[in-house]
Amino acid sequence: VEAAFANGRNFANKIWNAGRFALLSVGDAPVKQLSEVEPDLALEDRWILSRLRDASQNATRGLERYRLHDVAESLYHFFWGEVCDWYLEWVKARLADDGDASSREAARSTLVTVLDESFRLLHPIMPFVTAELWSRLPWPEGKERPEDLIIASWPDGADRYEDEDAERDFAALRELIV
C-alpha cells in the first residue's frame, strides 16, 4: 500500500514539475490555435498529437468499461513516458526565445493543446494538481475558454490528430536513440 501512495505522490510531482516547466517555457503571451500553425508542425508535434489521440480514446474506452486502474495506468505512461520524457525534452530548444519564430509558435500551440487535453484526461485521477495547472495555461486566441477544468468538455479523441507516418518515424527515431 505504501508503494502505491509513493507512486501517486511521485506522479503528482511529475505532473506539477512538467506543468510548471511547460508554463514557464510557453510564457504568458496568447498562443495561436493549432489549426493556424499546422503547416509548421514538426515531426515531434505530429507524433505527440497522434499519441494524445490514442491516450484520449484509451481513457474514454476504459472509463466506459469502469476500468479505472487501466485508465490511470495508461494515462500515467502517456504523460510521464511520452509527454514528459520525450516531447518536453525534444521541444526545449524550439521553445527558446532565440529560435525560429514559426517553429516556436508551432511548439507553443502544440504544447498548450497537449497540456490542455492531458489535464482534462488526468483530472478525474489528479483533480487538484491538474486544475491548478490548467487554470494557468495561456489560451489560444479566438477559442472560448471554459470557466473551470471540471466543466471543460472531455477530449473527443477525434481522428484529426491521427498520424501513422509520424508515429512510425518517431518510433524509429526513439529506437535509434535508445
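Is Ala6 buried, partly exposed or exposed, and what is its relative accessible area? Ala6 is partly exposed, at 23%, where buried means under 20% relative accessible area, exposed over 50% and partly exposed in between, with a 1.4 Å probe and protein chains only.

1. Basis of the model. This is a predicted model, in which local features need pLDDT of at least 70 and side-chain atom pairs count only at pLDDT 80 or more, while totals for chains, interfaces and linings use all residues. Residues are numbered from 1 along each chain as its sequence is written, and side-chain values use heavy atoms, with hydrogens and water left out.

2. Confidence. The pLDDT, the predictor's confidence in each residue from 0 to 100, averages 94 over the protein chain, and 100% of the residues score at least 70. Confidence is lowest in α1, at a mean of 92, and highest in helix α3 (residues 43-64), at 97. Helices here are DSSP runs (H or I, at least four residues) and strands likewise (E, at least two), numbered from the N terminus. Where pLDDT is low, the predicted coordinates should not be read in detail.

3. Helix α5. This helix covers residues 101-122, 22 residues in total, and reaches 31 Å from its first C-alpha to its last. That is close to the 32 Å expected at 1.5 Å a residue, the expected span being 1.5 Å times one less than the number of residues. Of the 22 residues of α5, 20 are buried, so the helix is largely enclosed by the rest of the structure.

4. Aromatic pairs. The structure holds nine aromatic pairs. Rings of Phe, Tyr and Trp (its six-membered ring) pair if their centres lie within 6.5 Å; planes under 30 degrees apart count as stacked, over 60 as edge-to-face and the rest as tilted. Phe11 and Trp80 form a stacked pair, because their ring centres are 6.4 Å apart and their planes stand at 15 degrees. This pair links distant parts of the chain, with Phe11 in helix α1 (residues 2-26) and Trp80 in helix α4 (residues 68-95), 69 residues apart. Phe11 is buried at 5% relative accessibility, whereas Trp80 is partly exposed at 23%.

5. Ring pairs join Phe11, Tyr76, Phe79, Trp80 and Phe119 into a cluster.

6. Charges over rings. A charge sits over a ring if NZ of Lys or CZ of Arg is within 6 Å of the ring centre and within 35 degrees of the ring normal. Lys92 lies over the face of Phe21, 5.3 Å from the ring centre. The charged end of Arg160 sits over the ring of Tyr161, at 4.7 Å from its centre.

7. Largest pocket. On a 1 Å grid over the protein atoms alone, a pocket is an open set of points with protein on both sides within 12 Å along at least five of seven lines, whereas a cavity is a set of points where a 1.4 Å probe fits but cannot get out. Lining residues have an atom within 4 Å of a point. The largest pocket contains about 510 Å³ of space, a volume being the space filled by probe spheres set on the points, which are joined across faces, edges and corners. Its lining has 24 residues, of which Leu34, Thr113, Glu117, Arg160 and Tyr161 lie nearest the centre. The elements giving two or more residues to this lining are α2 (34-37), α3 and α5. The largest share, five residues, comes from α5.

8. A backbone angle to check. Tyr66 has a phi near 60 degrees, a positive value in a residue other than glycine. Most residues other than glycine have a negative phi. Tyr66 is placed in the loop between α3 and α4 and is exposed, at 71% relative accessibility.

9. Distances between residues. Trp90 is in helix α4 and is partly exposed at 31%. The C-alpha atoms of Trp90 and Asp45, 45 residues apart along the chain, are separated by 9.6 Å.
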